[in-house]
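Student: Could you take a close look at one part of this structure with me? I would like to go through it slowly.

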Amino acid sequence: MLNRLSKLKDLLKTEYPLIQGGMAWIADADLAASVSNAGGLGVIAAGNAPPSWVKEQIDKIRTLTDRPFGVNIMLLSPYVKEVAELAANEKVPVVITGAGNPRDYIEMWKKAGITVAAVVASSGLAVMMEKAGADFVIAEGCEAGGHIGEMTTMVLVPNVVRSVSLPVVAAGGIWDANSVAAAFCLGASGVQVGTRFILSASCNAHENYKKKIIGAKDTDVRVTGRSTGHPVRLLRNDLCRRMLQLEYKDNGAEQIEKLGEGSLRRAVLEGDLKNGSFMSGQCACLLDSVQTTEEIVRDLFDHRLFEKNAAMLLELSRIQGKGSEES
Ligand code: TUI
């Protein structure tokens, strides 16, 4: 267990085995620097942004922290090649990819001395990533927000852990010290946390985005785009309702894609409650306040909750021990 944890911390060179999710439009240099300064790995999300914006954010984070940081490269971006090359030229400490297979870029990043991780939603892609030379994988279950796969964190993480020898970071549904402990019980070497960091005081997302997460009930979380092959988890609103009405209708896919264009930007920058996409993980229903990044990180690794869980596991193992003594 200890070995598993320190392996990832050695790769990341962070205090905690913690990565901040690379949320498009949301994860800028301010949020990422606050997470790195709090002892996790802060991550700038390239999303669909042009390389000039990504370069600005890399320059900015280097003025805000001396600690390691990452850049998340969304492989569906129209600028993917340029952003991938920028990351290599800038020799950013860590590159994390999402929403596709990064096989064409891994060698370039490794040559630049970069630590490389891929977000995977299946064990098959995890095995491919190990063969392609990734340093670790992030197994993201469908409790996560934004673009998701089919598998839950509970099943995906152990399945990826048994399929590769690389360290596996768990993502999707992780928001407090109990879920962090659960991820480690499943065999993870670290955790990635997204939605909770939207509620950081250092996150520049619009006030309405934060309020929407704070006000969300469990029944307010939806998935659109299942019929188009681009499932996206977000919070219920008028745009979401219109998108869901179009699923499985003739030409629905095209119309859903069209409604989706620019909708994340409208939510994050303008706080457009009607026409914005408020992408969020299922854990929104468990979150209720804005906190500093330091408070969030402290809460995620709250040793009192770890001790409670350790005591509970010990009790469980004693029951089992008794059983075998008696039999
Ligand atoms: O990438 C994410 N989450 C995202 S990206 C994003 S921006 C966006 N906006 C609108 C539509 C689409 C994207 C918002 N949220 N998470 C990482 C992730 N990667 N989840 C699932 C996957 C994934 C899926 C399939 C990774 C690889 C994959 O492989 C397909 C292949 O080509 O083998």
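This is a predicted model: local features need pLDDT of at least 70, side-chain atom pairs count only at pLDDT 80 or more; totals for chains, interfaces and linings use all residues.

Student: Which cysteine sulfur is closest to the sulfur of Cys285, and how far away is it?

Tutor: The closest cysteine sulfur to that of Cys285 belongs to Cys283, at 7.5 Å. A disulfide is a covalent bond between the sulfur atoms of two cysteines. To count as one here, the two sulfur atoms must lie within 2.5 Å, so the sulfurs of Cys285 and Cys283 are too far apart for a bond. Cys285 itself is partly exposed, with a relative accessible area of 32%.

Now compare Cys185. Its closest cysteine sulfur is also in Cys283, but 19 Å away, again too far for a bond. Cys185 counts as exposed, at 53% relative accessibility. Searching the whole structure turns up zero disulfides.

From there, let's move on to the ligand. The residues around the ligand include Met74, Asn101, Val119, Leu125 and Met279. Sorted by class, this shell holds six nonpolar, five polar and one charged residues. With Ala99, a backbone N or O atom lies 3.0 Å from a ligand nitrogen. Glu140 uses its side chain, where an N or O atom is 3.1 Å from a nitrogen of the ligand. His147 brings a backbone N or O atom to 2.9 Å from a ligand nitrogen. Taken alone, the ligand exposes 720 Å², and the protein buries 71% of that.

Terms used. Residues are numbered from 1 along each chain as its sequence is written. Side-chain values use heavy atoms; hydrogens and water are left out. A residue is near a molecule or strand if one of its heavy atoms lies within 4 Å of it. A polar contact is a pair of N or O atoms within 3.5 Å; within protein, one must be able to donate a hydrogen and the other to accept it, and residues adjacent in sequence count only if both atoms are side-chain atoms. Accessible areas come from the Shrake-Rupley method with a 1.4 Å probe; for residues, only the protein chains shown count as cover. Ala, Val, Leu, Ile, Met, Phe, Trp, Tyr, Cys and Pro count as nonpolar, Asp, Glu, Lys and Arg as charged, and the others, Gly among them, as polar. Buried means under 20% relative accessible area, exposed over 50%, partly exposed in between (1.4 Å probe, protein chains only).
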